[in-house]
Amino acid sequence: ELWNKANGIDDSKVEPNINESKSISISETFSHDTDDIDFLKNILLRQVSEIGRKLRKKELYAGTITVTYKTKDFQTYGQSKTLEYQISTNDEIYKAAINILYKSWNFEKLRSIGVRLSNLTKDRLIQNDIFNKTEESIKKEKIDNAVDKIKDKYGIDIINVASLYNGEKNANKPK
């Protein structure tokens, strides 16, 4: 038996081990250090669009969001926030990411930035409120899903947020 195992011989049934994602993340390293908030917001907006699409494609919702960044001295920092309810829309993810960035960043020059969504679940636990934020969130989710389908069919660059094209020539260059 030991000889068979050592030689990779095993007659037991093969069972697939499908590994569920525990988190989804994206990050980008810049060619130059930057403290340009508009540049960083555009990078985060692009990242959120990509990561939100991946999240919705897997039909998941995120309960925690983390923003990580690396300073010019290559010190890595990250700040997480566990949300009141699970999210999947670009708008919700972006607002949470910007909020975290402003609370944790001391406006020193950065070399990279990224977003991670974790505490993923198939079910969205929604608490109704008197301001109808739940209905608004569901409408935004439907819009994001429609945009995702268009991007799947015609390519990811077919639709983008207009602010990403503001000064397109310099969109990827830190100031």
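**View 1. Tyr-154 counts as exposed, at 55% relative accessibility.** In this predicted model, local features need pLDDT of at least 70 and side-chain atom pairs count only at pLDDT 80 or more, while totals for chains, interfaces and linings use all residues. Residues are numbered from 1 along each chain as its sequence is written, and side-chain values use heavy atoms, with hydrogens and water left out. Exposed means over 50% relative accessible area, buried means under 20%, and partly exposed is in between (1.4 Å probe, protein chains only). Tyr-154 has its place in helix H4. Helices (H or I, at least four residues) and strands (E, at least two) are DSSP runs, numbered from the N terminus. Together with Ile-150 and Ile-158, Tyr-154 makes up a nonpolar patch on the surface, and the three share about 310 Å² of accessible area. Such areas come from the Shrake-Rupley method with a 1.4 Å probe; for residues, only the protein chains shown count as cover. Patches are built from residues with over 30% relative accessible area and no salt bridge, where like charges are joined within 9 Å and nonpolar side chains (Val, Leu, Ile, Met, Phe, Trp, Tyr) within 5 Å.

**View 2. Four strands make an open sheet.** Let us move on to the sheet, where 4 strands follow the order S1-S4-S2-S3 with antiparallel pairing. S1 and S3 are the edge strands, each pairing on one side only. On average, neighbouring strands of this sheet are turned by 15° against each other, direction ignored. Two strands are said to pair if DSSP finds at least two bridges between them. Helix H2 lies across S1, S2, S3 and S4 and runs at about 160° to S1. For this, contact means heavy atoms within 4.5 Å. Axes are lines fitted to C-alpha atoms, for helices over the stretch in contact, and angles run from 0 to 180 degrees between N-to-C directions.

**View 3. Strand S2 has pairing partners in S3 and S4.** S2 joins S3 in the antiparallel sense over 8 bridges. Here you can find Ala-62 with its bridge partner Ile-87 in S3, and Ile-65 standing opposite Lys-81 in S3. S2 and S4 also pair in the antiparallel sense, over 8 bridges. Thr-68 has Gly-114 as its bridge partner in S4. Because 8 of the 10 residues of S2 are buried, this strand is largely enclosed by the rest of the structure.

View 4. Phe-74 sits in the loop between strand S2 (62–71) and strand S3 (76–87). The hairpin of these strands has 4 residues between them, and Phe-74 takes a positive phi near 65° there. With a relative accessible area of 54%, Phe-74 is exposed. Now look for Asn-119, in the loop between strand S4 (110–118) and helix H4 (133–154). Asn-119 is partly exposed, at 48% relative accessibility.

View 5. A salt bridge is a side-chain nitrogen of Lys or Arg within 4 Å of a carboxyl oxygen of Asp or Glu. Side chains of opposite charge can pair when their charged atoms come close. Asp-33 is partly exposed at 21%, and Arg-111 is partly exposed at 21%.

**View 6. Arg-56 and Asp-144 form a salt bridge.** The closest N and O atoms of Arg-56 and Asp-144 are 3.6 Å apart. The pair links distant parts of the chain, with Arg-56 in helix H2 and Asp-144 in helix H4, 88 residues apart. Arg-56 is buried, at 8% relative accessible area, and Asp-144 is buried too, at 13%. Elsewhere, Arg-53, Lys-57 and Asp-152 are linked in a network of salt bridges. In total, the structure holds 8 salt bridges.
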